[in-house]
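Here is a short note for a colleague who has not seen this structure before. Please read the points with the model open.

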Amino acid sequence: MNKQIIIRKRILKKALLHLAGHMIQGSLVKLNHRCGNKNCHCAKPKDPGHTGYYLSVPTPEKTQMHYLPKDLLPQLPQPLAAFKQYWEIGKRISQINLALLKESAQRRKSHVH
Ligand SMILES: [Zn+2]
């Protein structure tokens, strides 16, 4: 068994667990809308409307849109970045597991001969 690879896997698993504590999947989207109030500035044709921020989250069925109050916005970049990191580390662990699987198959083969 490759000791270096086992140590690397242990470190990656720890990082994965840490990121899982605060990660959030999705991307920030800015959308303009009209509130429907005839007396509001947004009722004028050339007015850009009200700006709202949403978290767009892909799911197997459809993309979910979660409205985000403005005061939450500063808290999002870190969890969003954490999810991307989580995904990247997951792919690296997968590569290690594949390498370990192939290694064990190789070992079994060499025992037969
Ligand atoms: Zn309005």
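1. Two strands count as paired if DSSP finds at least two bridges between them. Helices (H or I, at least four residues) and strands (E, at least two) are DSSP runs, numbered from the N terminus. Here, an open sheet of 3 strands has the order S1-S2-S3, with antiparallel pairing. Its edge strands are S1 (27–33) and S3 (63–68), each pairing on one side only.

2. The model is predicted: local features need pLDDT of at least 70, side-chain atom pairs count only at pLDDT 80 or more, and totals for chains, interfaces and linings use all residues. Residues are numbered from 1 along each chain as its sequence is written.

3. S1 and S2 (residues 50–58) pair in the antiparallel sense over 7 bridges. Serine 27 has serine 56 in S2 as its bridge partner.

4. The protein chain has 2 helices and 3 strands. Along the sequence they follow the pattern α-β-β-β-α.

5. What is the radius of gyration of the protein chain? The value is 24 Å, whereas a compact globule of 113 residues would have one near 13 Å. This radius is taken over C-alpha atoms, and the globule rule is 2.2 Å times the number of residues to the power 0.38. The C-alpha atoms fill a box of roughly 85 × 25 × 20 Å along the principal axes.

6. An automatic or database domain assignment sets the bounds: domain 1 is 1–24 + 76–113, and domain 2 is 25–70. Their C-alpha centres lie 38 Å apart.
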